[in-house]
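Student: Could we go through a protein model together? I keep meeting terms and want to see what stands behind them.

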Amino acid sequence: AGVLATLDANERVTVVRADSPIEAAKAVKNEVELACMRRANLAASVAKTKALAWLDHELEEGEVVTEASFRDAIERRYADIDGFRGLSFQTISSTGAHGAIIHYSAADETPLCDGDLFLIDSGIQVDGGTTDDTRTVIVGEPTEEQRRRYTLVLKAHVRAANQSFPTGTTGVALDAITRSALWADRLDYGHGTGHGVGAFLNVHEGPVSIGSRAGAPAAALPLKPGMITSIEPGYYEASFGGIRIENLYVVEEAGEHDGRSWLRFVPLTYVPMDSRLIDESLLDAAELAWLACYHSECRDALAPFLTDKELATVDGWLT
């Protein structure tokens, strides 16, 4: 009210409504911010991998793990990280039908049962950096339908992550490229493909967006080197459960070709996929090559921080 009164008192003031130049500048991270984001996301990747290895061990021993007990297990590991300053959002720990609730946050004593898809979406604030990543794993043995749908979501993720694109490309174009892997099977997901992420700030930071709303200013914003975005396709059905695969990526220069500058996505998240859910026959040669390279990078990045037992579990996921 005070601001409006001041404006009314000064007839020479002209109010201009426009996109904030500060927001646009903040979206492009400098080298210090990028270094902090790399450190934070590696630390979060280690913690999530350790928690998933713990889950495998508990289930193998016949122990009951619930949504709440897994949430507590991963959050304890996050809290042990040097420089940990809290969660970047409320942890989503959802099994079975709960996984189909995109923003589910009511983790309870529902047990993880054989045949369930288990979705864990979580992130933290670490000195200088913000993280956000999602993995979906199978409890017990998957059905062929679960493997097919998971692999199609993975295919969509890889299609985006492996896509080089010319300077000036917007989030709308990349959203369509991502969804095409699911559209071919008449599947889709009811949320954006990616959102900007701040450096020790908002886990959802504008104006970066990979989405299908062509009329939204953020969706029409060209991606630039130094921007950080999630890539997170999914699939959700109440009777089936939920699947989401989310990494954070930094946009980097990829050289010039035919007189144009090109860009690419470089991962910040290093958490292996659940190989039990992957049907390699649904992936083409380029997608298989990306996955093999990504898993090799995951192992190299994680190995110094894992126990021998944890590393053996990771190796089991990768074979």
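Student: How do the residues of the lining of the second largest pocket divide into nonpolar, polar and charged?

Tutor: Nine are nonpolar, three polar and two charged. Here Ala, Val, Leu, Ile, Met, Phe, Trp, Tyr, Cys and Pro count as nonpolar, Asp, Glu, Lys and Arg as charged, and the others, Gly among them, as polar. Before we go on, this is a predicted model, where local features need pLDDT of at least 70 and side-chain atom pairs pLDDT 80 or more, while totals for chains, interfaces and linings use all residues. Residues are numbered from 1 along each chain as its sequence is written, and side-chain values use heavy atoms, with hydrogens and water left out.

Student: What is the volume of the second largest pocket, and which residues are the closest to its centre?

Tutor: The volume is about 250 Å³. Of the 14 lining residues, A161, N162, R264, F265 and W290 are the closest to the centre. Two elements, β14 (260-267) and α7 (285-302), each give two or more residues to the lining. A pocket is an open set of points on a 1 Å grid over the protein atoms alone, where a 1.4 Å probe fits and protein lies on both sides within 12 Å along at least five of seven lines; lining residues have an atom within 4 Å of a point. The volume is the space filled by probe spheres set on the points, which are joined across faces, edges and corners.

Student: Why is K48 called buried?

Tutor: Buried means under 20% relative accessible area, exposed over 50%, and partly exposed in between (1.4 Å probe, protein chains only). K48 has 0%, so K48 is buried. This residue sits in helix α3 (residues 31-60).

Student: What makes the pair of K48 and I120 a polar contact?

Tutor: A polar contact needs N or O atoms within 3.5 Å; within protein, one must be able to donate a hydrogen and the other to accept it, and residues adjacent in sequence count only if both atoms are side-chain atoms. A polar atom of the K48 side chain lies 3.3 Å from the backbone oxygen of I120.

Student: And what makes R186 and D258 exposed?

Tutor: R186 has 79% relative accessibility, so it counts as exposed. D258 has 74%, so D258 counts as exposed too. You'll find R186 in the loop between α6 (171-183) and β8, and D258 in the loop between β13 and β14.

Student: How do you know that β10 and β13 pair?

Tutor: Two strands pair if DSSP finds at least two bridges between them. Strand β10 (residues 228-231) and strand β13 (residues 247-257) have four bridges, in the antiparallel sense. For example, S230 stands opposite L248, and T229 opposite Y249.

Student: Why do β7 and β10 stand at the edges of their sheet?

Tutor: The open sheet has the order β7-β14-β13-β10, with antiparallel pairing. β7 (165-166) and β10 each have a single partner strand, so one side of each is left without a neighbour in the sheet. Both faces of β10 are covered, though: I228 and S230 on one side and T229 and I231 on the other are all buried.
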